[in-house]
Amino acid sequence: MPNRIPCFITSSLLHLVLATNLPFACHAISNGDFEAEPFLTGWISAGDIKPFAGFAPGSVRAVRLATPGVTRLGQNITLSADWQLDFYFAITDTTNRAFSLYVNAGGDAADASAAAANLRYQSGQFQAYTNGSWGGDLGLGNLFPSLDANGDGDFNDPGDEKNIYHFCFTARDWGTPTARYDLARSEANATNLTRFATNLTRWHNTSGGVSTSSLADKNLSTVSISGIRPHLALFSNYGEIGMGALVPWADRLWIVTYPPHNANGSSDKLWTVDSNFTLTARSESVGGTHANRLIHRESQQLIIGPYFISTNGIVRVISPAAMPGRLTASARHLTDPKNRVYFFTLENGLYDVDVNTLAVNPIYSDGNKPDPAHPVGPHPGRHGKGGYTGQGRIFYSNNGGTGVLTEHTGTNWAEPWNVVELKNFTEITSPGGICGATTEKDPIWSLGWDTRSVILKLLDGCMWSTFRLPKASYTHDSATGWYTEWPRIREIVDGRMLMHMHGMFYDFPKTFSAANTAGIQPLCTHLKMPVDYCWWNGQIAMGCDVSSSINNKWAGQSHSAPWFGQFSDFKKWGAPAGFGGPLNNDDLAANTPSDPFLVTGFKQRVLHLKHSGAQPVNFTLQCDASGTGAWVNFTNVTVPSHGYAWQLLPADFNAVWVRIVADRAATGVTAYFHLANPPVAPAPELFAGLADAAQSAAVSEGIIRPRSGNARTLQFAATLVGADGVPTNAYYEIDEALQLHCATNTGAEEMLRTRFSLTDSDFSVDSASVIYTEGTDRFRLPKNNHAFDTAFASGWPRGKREVVTERALFNAHGTFYELPYEGSGGFRHVRPVATHNKRITDFASWRGMLALAGVAAGMPADGHIFRSTDGQAALWFGDVDDLWRMGAPAGVGGPWNNTTVVADVPSDPYLMLGYERKELELSHTAAQSVTFIIEVDFTADNAWCEYTRIIVPPGQTVKHLFPAGYNAHWVRLKSDAATTATATFTYGSAGSSK
């Protein structure tokens, strides 16, 4: 029997615009009175409803639901078993509830409580109300809000932005036990339905399921691009959304996200991902800036953020009011581990919590909300990171200001903490990892860093030891501690542990102890900002902090996404390489060894030594080949007074650790390594769709930027260069379904082409090299293809842009570089990533991926290239760590090219780091021989040492090939006479030659 059922569309929190569709489908609901006068014949309304001229195809009348929270519009309709509701609508906000549709069970009720189906669009998700709560995202994707700048309702004035959507609700077997429905929508300002959620049984008071697909029959949950699943991207209107912790538990992957500084909760969520990669936000979420996790063995609960989760997935939560602070770590209790745990906060808070009742007992109050009854933690430093218990002690670390690693017995909190070391420390853990130490004899490990290197502290048998490892990147160095994020040592699978710190991933042995320090092996260097990782669903799941909008106009909106992969994928990222040492301008007592420094896992190793003493110093290089502490002398290096020397370690040098011993007390000692491996093999097929640098025709290039305002799409102000070389402009957007479509949005396109234009270059080029100026400092880099000497059709290729939180990518003359922010040393600490020689005009991070503009026309879609629906434009998508496979860093240039040189005045610094084969050619125009002095800066702090001197006779060119394995960060030259000189460095892979 047909049912007479009221269908209402409401504006629960904001304005909504509605219009019907005229060409109805078979069994579609039709009401011609909506289009005719008098308006509202047969309709039931509430609130402020304003009619105005129609805006949908074939529509002559539309209506605006103008009062947030109370405006409704609907009517009673006689329904058959199969029916369809079809209409057009627009919204003016996506953060709040922007769209609400409910179909009541019967009668004339105009409220959602009687709904059979109850749908809404809010904060980037289409959801259905099911069994007392709003379910997860239905997979219909995000909408763009419209803007009626002057409020006249026509959306056609200057400054207006109109985004109209076609929507269809299709019901089958209505009124029967097998009832179900489908939802479909179009893209903005289109009529074709392209996004679907089908076979829904999500009723207002029962549960149901959903399957999603796109017009191309693509299940979004199956789309994976270089390990990134775009539909799992998480967005935030805060300045940052990091993925603070990931733990497999109760048949799901549990994730907490965090904003930059919210000690009292936020809109961030506790999320789950199931084996089908369905993402669900938990209704228990209270938000906050949290990165803690602990599995409490006795009560069988996962503690992640302020949430306590049972083995069957039941979630309990401690409110931010009861436990304020940014939670950084949770740890087992020292005296009552069965019933209580500790929580540490970033601002020195410490809480004692009952795992059964969730009662909170403050030991120290959090610095964001001091409590007179409980003083704030007394630790030096700031920006708390680690917390752990073991060997009868409780440990805490922070990495801001002085930084600290400190410990306490936990028996009398009025007693002072023992400072282990005043350095920047982060992770503290043991072989028990996130379950806590298993015995009182378990070693304790802590990660830290200083100006010298990465620090690994070991507590074994109640004795602390210090080991040092190279940094792969300077981007993490900042006195604030902000840029380090969350280094971890964590078991992944079958006893295999991963460690990451300062841009390097390592295999870390679970057996690492005072008796056995072998087994640490570098795996790769990387560009990501990893936060946490685990083994889940047969793969590594890695939570990242991808894109921050803090002081970053390029971001559009903060977002992050997880990465999924295998251990073998690490071999496709950057080859292990780094720098650092046990000493940096330190005093060293006679016959006193330095800290051990890791050298295993690197095929190219050079040690730089210098000191500031007035007498020569003989340094002995000792090595431990087995990690058992059996030190033997390897070689001696004599460094003259106030001098410098270097020592290559041979390829067959087999040692885990090395250390330095001086034969006399020495001052200002620096012992600093540069370590490397052959670069990863290039993968030209991965980037085949990108146009070559010299391709000036038949290319799709332009400007890209994630759209702001929670739109979650990527904008592309395209310059389409035809086969005849003639450019035309067009505007595109790509959505969650990776459908790149041409759109009309004059305001958005104009903003991209003005505020984010490619009018100016971020660097300059002269006949010698690329020049980058930072303040009063000037640096030089190699050049590649001459096509980069002039602007492209869309402008100069984008140079500097943040695509990973708190560091930038720099694209200059065919090479990508990693560029630290000023607080981490700025351009002086730059490092090359890969040389591409592609016509890349812009790059951005979006939905966890790296997006590149500059695709050759006609290149087919290949899993990285995504073409527009009109076939005219295309973009490349992948992972930021795909860049390593573009090709080894290479180039030609130098500080001088027929340059007037003043005697004893140094040239600009020229980059040396990261290139395998390095050859220098020197010539001049003087009538007599000229001596050129080559100086290197191996610590990247503007401290220069003389490498060698080369005499160049008049009229000749002298070549110098740097020894294989020799490396420093910068090189510069001086001459002993005024002349006109040329100094050209040719860089490439080991097998290359000029």
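## Strands 47 and 52 and their sheet

R605 stands opposite L675 in strand 52, and this pairing belongs to a predicted model. Strand 47 and strand 52 run antiparallel to each other and are joined over seven bridges. Both take part in an open sheet of four strands, arranged in the order 45-52-47-50 with antiparallel pairing. Because strand 45 and strand 50 stand at the edges and each has a single partner strand, one side of each is left without a neighbour in the sheet. From one strand to the next, the twist in this sheet averages 15°.

## The second largest pocket

The second largest pocket has a volume of about 650 Å³. Its lining is made up of 40 residues, of which A676, N677, G914, Y915 and E916 are the closest to the centre of the pocket. The elements that contribute two or more residues to this lining are strand 45 (578–588), strand 47 (604–610), strand 50 (644–649), strand 52 (666–676), strand 63 (831–835) and strand 71 (917–924). By residue class, the lining of this pocket divides into 22 nonpolar, 12 polar and six charged residues.

H500 stands opposite F505, the latter being in strand 39.

Strand 21 is joined by four bridges to strand 22 (residues 301–304), and the two strands run antiparallel.

## Two asparagines with positive phi

N710 is not a glycine, yet it has a positive phi of about 65°. This asparagine is found in the loop between strand 53 (699–706) and strand 54 (714–721), and N710 counts as buried because its relative accessible area is 3%, which is under the 20% limit for that class.

N898 is likewise not a glycine and has a positive phi of about 55°. Whereas N710 is found in a loop, N898 is found in strand 69 (residues 891–901). With a relative accessibility of 59%, N898 counts as exposed, the cut-off for exposure being over 50%.

## Cysteines

A disulfide is a covalent bond between the sulfur atoms of two cysteines. When a disulfide is taken as a pair of cysteine sulfur atoms within 2.5 Å, the count for this model comes to zero. For C524, the closest cysteine sulfur is that of C544, and because the two sulfurs are 12 Å apart they are too far for a bond.

C524 is buried, with a relative accessible area of 0%. C945 also counts as buried, at a relative accessibility of 7%.

Definitions and conventions: Residues are numbered from 1 along each chain as its sequence is written. This is a predicted model: local features need pLDDT of at least 70, side-chain atom pairs count only at pLDDT 80 or more; totals for chains, interfaces and linings use all residues. Side-chain values use heavy atoms; hydrogens and water are left out. Two strands pair if DSSP finds at least two bridges between them. Buried means under 20% relative accessible area, exposed over 50%, partly exposed in between (1.4 Å probe, protein chains only). On a 1 Å grid over the protein atoms alone, a cavity is a set of points where a 1.4 Å probe fits but cannot get out, and a pocket is an open set with protein on both sides within 12 Å along at least five of seven lines; lining residues have an atom within 4 Å of a point. Grid points are joined across faces, edges and corners, and a volume is the space filled by probe spheres set on the points. Ala, Val, Leu, Ile, Met, Phe, Trp, Tyr, Cys and Pro count as nonpolar, Asp, Glu, Lys and Arg as charged, and the others, Gly among them, as polar. Axes are lines fitted to C-alpha atoms, for helices over the stretch in contact, and angles run from 0 to 180 degrees between N-to-C directions.
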